[in-house]
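Here is a short briefing on the structure below. Read it with the 3D view open.

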Amino acid sequence: MQQAFNNPVLETHKLTVAIGGKVICRELDLTIRPGECWGVLGQNGVGKTTLLRTMAGLHMLQSGMVNWNGVALAAHTRRNLAQHLGVLLQNEGGEFWGSVQEYVLLGRFPYRTSLFGYNAQDEALAQQALAQMELEGLAQRPYNTLSGGEQQRAAIAQALAQQAQCYLLDEPLQHLDLRHQAQTMQVFSQLKEQGCALMMVLHDTLWAQRCCDHVLLLFADGHALHGTAQELLTRAHLEALYQCPLRELSLEGERWFVAGV
Amino acid sequence: MSPRALFSLLLCTVPLSFGFGLMNGSLPLAPIEVWYALLGNNEDTATEVLWQLRLPRVLAAFVCGGLLALSGVLLQALLRNPLADPYILGISGGAAVGALAAMLLGAGLATTQLSSFTGALLAIVAVFGLGFRHGERNIYRLLLTGVVLSAGCGALISLLLTLAQGEQVKGMLFWLMGDLSHSQGLPFAWFVLLAVGLCATVLSGGLDVLAGGLDKAAALGVAVGQWQVGLYFAAAVLTVMALQLGGSIGFVGLMMPHAIRLLGVSAHRWLIPSSILLGGSFLVLADTLARMVWSPLQLPVGIFTALLGVPVLLWLLSRRS
């Protein structure tokens with residue numbers, strides 16, 4: 001049982017990803033196991049989003065493979081994959097005219113069995129996700145009237161309603177105020193404790209330290225470093241990553257990295 | 001308004017619009033006359049006018065409006081663009097060039113129909129072949145290919161109109177602005193509308209997801225590539241049917257789905273049937289006015305779809321903001 005629990009859910013083998021002729025990573029070997037939380041850090045435009053999309057099967061890989069539960073992503077149907085793997089996109093690029101509740105309910109689409117709508121369980125899970133993201137009061141509002149931060153919370157709620165075993169989250173904290181950043185990260189920590197695997201693109205090293213046990217650093221030249229958060233989230237590594245001098249502040253056992261001017 | 005209430009309301013407007021369409025024209029009939037004529041017991045002028053002219057015309061207007069509205073809903077979901085309408089992908093441009101070229105050469109009705117059908121098919125194949133790359137989640141290429149092709153067809157249409165003379169020009173303008181007086185193939189059009197409408201309603205959950213973005217739809221388990229191909233051809237078939245029935249009638253395909261959305265219904269399960277009903281009733285109303293206003297002269301129905309629709313939509317839009 002313990003063995004099964006520790007089998008990797010998402011793995012990459014010698015994964016090479018490129019976009020528009022630019023190589024993002026070369027022969028990357030990653031293993032993500034249940035209960036792990038990975039942070040992905042790197043400069044703007046280094047390819048964090050593209051790597052995440054590749055691992056979700058939304059971007060064609062150059063060579064190597066991405067496996068879900070030991071089987072190549074491409075061998076799974078999209079519906080089957082969507083029942084296990086949740087994706088939070090940075091930019092959805094769609095138009096949604098319905099209410100927030102209807103938007104969150106779309107997270108149950110992978111499980112829909114009836115052609116004529118969602119069942120009571122789906123509705124209950126959507127309601128629960130709305131509550132987790134403190135959106136009950138906005139449930140009936142048209143989705144496209146929400147603010148950026150509220151839309152982001154609705155997108156997270158939709159992913160939560162999906163009840164996946166592994167989440168790939170592209171900048172989950174974008175547009176969120178401080179309280180909702182903390183509250184969202186708390187929700188993710190609970191998921192992790194329940195055995196869910198997470199991989200998230202972050203720009204805030206503090207949240208990476210607090211919540212991630214592993215990190216992946218993507219450098220501009222296409223090489224990558226990965227390992228435990230403890231060993232990689234150091235000033236030396238981060239200065240090399242962001243190519244700027246950093247100051248390190250310590251308070252109550254936590255370290256802040258601030259860009260020097 | 002709740003989706004169910006709106007749908008019921010629209011359902012009630014169907015007999016009203018049919019009644020209006022059957023009563024009015026160059027020979028106005030009272031409701032009771034329509035009723036007796038429909039029963040068809042006596043053989044008078046009213047019975048003949050009703051069965052030979054008005055009923056086919058009203059049925060053609062309704063099915064044509066329904067086809068256009070459904071096509072608009074599907075294309076707006078496929079292209080995720082609120083400005084998408086049945087003509088945006090160049091299908092009507094191809095059909096118009098075909099129809100006008102045949103008219104210029106003095107062809108009869110049947111040849112004109114065949115020629116416009118061929119033009120539409122060529123446009124569908126060209127846009128799909130040039131604009132669609134399987135596995136590539138970028139729909140802009142398809143959209144732009146259609147827009148570019150439409151522009152090219154626009155130039156050809158102008159050329160054909162310039163070359164035409166006298167009475168020919170009038171026929172061409174009627175075709176371009178929409179005209180339901182030569183509708184043919186009515187049973188088949190109804191079959192297509194009902195079949196595609198039913199399929200689309202059954203599959204409406206996927207359309208909701210697809211409208212929210214392609215990557216999102218894929219992440220939620222939709223086989224995006226297959227859906228895109230299916231939607232494109234479904235919308236193309238609907239548009240071709242509508243063009244064959246009434247020429248390029250504007251406004252209905254673009255605006256009926258928006259009108260329903262502005263009334264607060266956006267889930268495709270209700271949006272699809274509601275748009276069909278509204279599009280159908282609306283076109284019956286517009287076509288009846290086109291027959292009535294200058295009677296016995298008939299005007300192109302496209303004028304009335306815009307004249308009726310524009311103020312209503314402007315009001316809906318301003319009410320919202």
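Buried residues make up 42% of the 261 residues in chain A. In chain B, 50% of the 321 residues count as buried. Keep in mind that this is a predicted model.

**Chain A**
- Chain A has ten helices and twelve strands.
- Its radius of gyration is 19 Å. This agrees with the value near 18 Å that a compact globule of 261 residues would have.
- Along the principal axes, the C-alpha atoms of chain A fill a box of roughly 55 × 40 × 40 Å.
- Take the contacts in chain A with a separation of 6 or more. Residues 24 or more positions apart account for 65% of them.

**Chain B**
- Chain B has 14 helices and zero strands.
- The radius of gyration of chain B is 20 Å, and the globule rule gives 20 Å for 321 residues, so chain B is as compact as a globular protein of that length.
- The C-alpha atoms of chain B fill a box of roughly 65 × 50 × 35 Å, again taken along the principal axes.
- For chain B, 75% of the contacts with a separation of 6 or more join residues 24 or more positions apart.

**Where the chains meet**
- Contact between the chains involves 21 residues of chain A and 21 residues of chain B.
- Which helix gives the most to the side of chain A that touches chain B? Helix α3 (residues 78-82) of chain A does, with three residues.
- That side of chain A has eleven nonpolar, four polar and six charged residues.

**The largest nonpolar core**
- In soluble globular proteins, nonpolar side chains tend to be buried together.
- Here the largest nonpolar core has 180 residues.
- Look at B:Leu74 with residues up to four places away in sequence left out. B:Leu74 then touches B:Ala200, B:Leu231, B:Ala234 and B:Ala235.

**B:Ser92**
- B:Ser92 is found in helix α4 (residues 91-104) of chain B.
- Is B:Ser92 buried or exposed? B:Ser92 is buried, because 29 other C-beta atoms lie within 10 Å, and the cut-off for a buried residue is 20 or more.
- Leaving out residues up to four places away in sequence, B:Ser92 touches B:Tyr87, B:Thr239, B:Leu243 and B:Ser248.
- B:Leu173 is 81 residues from B:Ser92 along the chain, and their C-alpha atoms are separated by 14 Å.

**Helices α4 and α5 of chain B**
- Two packed helices are described by the angle between their axes and the distance between the axes.
- The axes of α4(B) and helix α5 (residues 109-131) of chain B come within 7 Å. They cross at roughly 150°.
- The crossing of α4(B) past α5(B) is right-handed.
- The residues of this contact divide into eleven nonpolar, nine polar and no charged.
- On the α4(B) side, the residues include B:Gly93, B:Gly94, B:Ala95 and B:Gly98. On the α5(B) side, they include B:Ser115, B:Ser116, B:Gly119 and B:Ala120.

Methods:
Residues are numbered from 1 along each chain as its sequence is written. Chains are lettered from A and ligands numbered from 1 in the order in which they are written. This is a predicted model: local features need pLDDT of at least 70, side-chain atom pairs count only at pLDDT 80 or more; totals for chains, interfaces and linings use all residues. Two residues are in contact if their C-beta atoms, placed from the backbone, lie within 7 Å. Helices (H or I, at least four residues) and strands (E, at least two) are DSSP runs, numbered from the N terminus. Ala, Val, Leu, Ile, Met, Phe, Trp, Tyr, Cys and Pro count as nonpolar, Asp, Glu, Lys and Arg as charged, and the others, Gly among them, as polar. The radius of gyration is taken over C-alpha atoms; the globule rule is 2.2 Å times the number of residues to the power 0.38. A residue is buried if 20 or more other C-beta atoms lie within 10 Å of its own, exposed if 12 or fewer, and partly exposed in between; C-beta atoms are placed from the backbone. A nonpolar core is a set of buried Ala, Val, Leu, Ile, Met, Phe, Trp, Tyr and Cys residues joined through C-beta atoms within 7 Å. Axes are lines fitted to C-alpha atoms, for helices over the stretch in contact, and angles run from 0 to 180 degrees between N-to-C directions. A crossing is left-handed if the near helix is turned anticlockwise from the far one by less than a right angle, and right-handed if clockwise.
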